[in-house]
Amino acid sequence: TIVILDYGSQYSQLIARRVREARVYCELLPWNVAPETVDRLNPVGIILSGGPSSVYDAHAPTLPSHVLERGVPVLGICYGMQLLAHNLGGRVEAAQQREYGPAELTTIRTDSPLFRGLSAPMKVWMSHGDKITALPPGFEALASTPNTPYAAMGDEKRRIYGLQFHPEVAHTPRGRAIIENFLYEICGCTGDWTPGNFIEESVQRIRAQVGDGRVICALSGGVDSTVAAMLVARAVGEQLTCVFVDHGLLRLNEAEQVMAMLRHHLPARVIKVDAQTRFLAALEGVTDPEEKRRIIGHEFVRVFEETARQLGSFQFLAQGTLYPDVIESAGVGGSAAKIKTHHNVGGLPEDMQFELVEPLRWLFKDEVREVGIALGLPPEVVYRQPFPGPGLAVRILGPVTTEALHTLQLADAIVREEVESAGLNRDVWQYFAVLTPLKTVGVQGDYRTYGNVVAIRAVTSEDGMTADWARLPYGVLERMSTRIVNEVPGVNRVVYDITSKPPGTIEWE
Ligand code: XMP
């Protein structure tokens with residue numbers, strides 16, 4: 001394990017990403033984490049992240065003494081490097097000018113293991129205010145730029161290194177190689193951390209946490225909750241009960257498909273709760289998007305709670321929380337777990353308190369997918385497009401009725417079939433239909449029609465935060481349009497949404 005101590009840099013999460021990409025297990029912890037937490041991980045190396053502070057700030061984060069006492073290799077990045085220099089007897093000064101942006105290493109000590117296989121000149125990304133003006137005793141300059149004589153430093157005997165630039169960002173193209181050198185050449189990591197290892201470790205962790213307690217898990221059919229449940233099932237089998245709430249706002253035949261998939265792949269008790277009538281009743285006449293979301297969230301919690309109470313008592317709640325959620329909601333560690341409960345099955349009554357089991361809280365999305373494949377889940381589950389919790393309710397503009405749901409399900413199934421049969425599903429982030437309450441005049445078979453407008457939404461995206469409309473081939477759009485107008489009663493016009501996010505959002509509500 002590699003431990004990364006977080007000093008608040010906007011890039012800390014990226015360091016973790018790069019280390020994982022090198023197939024080395026790592027954890028990102030706050031810089032002032034209890035030393036015993038680090039002891040338990042038995043790290044073979046420590047990375048100190050960058051951060052916004054100056055070592056001279058009154059409340060600047062410091063270098064905990066356990067870091068150097070362990071005798072394992074240490075790599076300080078930016079603020080991390082300045083901390084090392086400051087603590088080991090070097091000099092750090094406020095630079096006249098902040099150095100921010102691209103720079104070029106003009107000299108590199110290629111005899112250092114940190115730069116093995118690399119050569120000058122090399123493009124790097126700088127972002128710092130202070131700089132080092134004198135190296136601590138025992139250190140040598142390992143790289144420099146015309147402005148920064150100590151762009152990298154190292155004490156090869158004690159295996160302590162510092163980088164003034166950021167190797168973790170894409171703007172340092174060879175940064176990955178530097179990080180790999182630190183991991184493989186200096187820390188002696190083998191880069192053999194795989195989904196298989198993770199599964200074993202995770203099963204052990206869950207067993208240790210749960211003991212002989214009972215675990216309940218809310219499943220949606222999405223990859224995160226399914227993989228989380230599968231890990232818990234492997235670990236404690238019979239002690240797990242899963243609940244799948246069918247709120248009736250799912251896609252065509254989805255509830256049956258999800259249940260069939262879970263029965264086949266998930267070795268645990270899965271209970272399907274048919275709550276369609278209840279959700280529809282609660283949504284009756286509601287048109288405001290935020291109100292729809294609130295009602296659905298509220299009903300979900302009530303249904304889940306009632307079901308859980310009927311099933312007996314549970315000490316644990318399993319959730320598919322991912323690492324980015326953990327990091328974002330609490331700046332690592334801290335109260336992350338609590339915030340997340342709130343978001344998922346938040347609002348549970350006071351007397352229902354669960355301890356959380358979150359086996360994926362150390363993984364990134366692509367790693368969850370790898371674990372899913374390693375657990376034997378089929379690709380259509382593992383690469384399923386994101387689907388919002390409130391389901392089709394936020395894709396029906398205006399009131400949600402049985403009829404509107406049926407219409408949208410048919411249109412949406414056509415959109416999905418056409419994207420999938422054109423082999424485009426892996427290139428497009430999300431693709432679906434939206435039912436509008438707009439009615440327009442058309443003509444079909446010599447008759448005048450007056451029907452609803454369906455919009456097709458298909459976007460490309462990396463993470464759902466920003467998105468662009470997908471340039472679907474005209475042939476695909478044409479087939480969708482023809483089929484929807486012919487096969488879906490009540491729809492006589494199809495439009496394509498060509499709005500990016502921002503300013504639009506992916507969903508229409
Ligand atoms: P927007 O519409 O905000 O959506 O651009 C961004 C991504 O989030 C999904 N989404 C949701 N997911 N609960 C969810 O679990 C929700 O309430 C929700 N609303 C939007 C959306 O499908 C897209 O992938």
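1. In this predicted model, the C-alpha centres of domain 2 and domain 3 lie 30 Å apart. The domain assignment gives domain 1 as 2-186, domain 2 as 195-382 and domain 3 as 401-496; such bounds come from an automatic or database domain assignment. Four residues from domain 2 and six residues from domain 3 make the contact, where two residues are in contact if their C-beta atoms, placed from the backbone, lie within 7 Å. On the side of domain 2 that touches domain 3, two residues are nonpolar, one is polar and one is charged.

2. Residues are numbered from 1 along each chain as its sequence is written. Local features need pLDDT of at least 70 and side-chain atom pairs count only at pLDDT 80 or more, whereas totals for chains, interfaces and linings use all residues.

3. An unreviewed UniProt entry carries a "binding site" annotation on Ser220, Gly221, Gly222, Val223, Asp224, Ser225 and Thr226. UniProt annotations may be inferred rather than shown by experiment.

4. Val223 lies in helix α7 (residues 223-236), helices being DSSP runs of H or I with at least four residues, numbered from the N terminus. Val223 is buried because 21 other C-beta atoms lie within 10 Å; the class buried requires 20 or more, exposed 12 or fewer, and partly exposed falls in between, with C-beta atoms placed from the backbone. Not counting residues up to four places away in sequence, Val223 touches Val368, Arg369, Gly372, Val381, Val382 and Arg384.

5. Thr226 is also found in helix α7. Thr226 counts as buried, with 27 C-beta neighbours inside 10 Å. Among the residues that Thr226 touches are Leu377 and Val381.

Technical notes
Nonpolar A, V, L, I, M, F, W, Y, C, P; charged D, E, K, R; others polar. Helix = DSSP H or I, 4+ residues; strand = E, 2+ residues; numbered from the N terminus.
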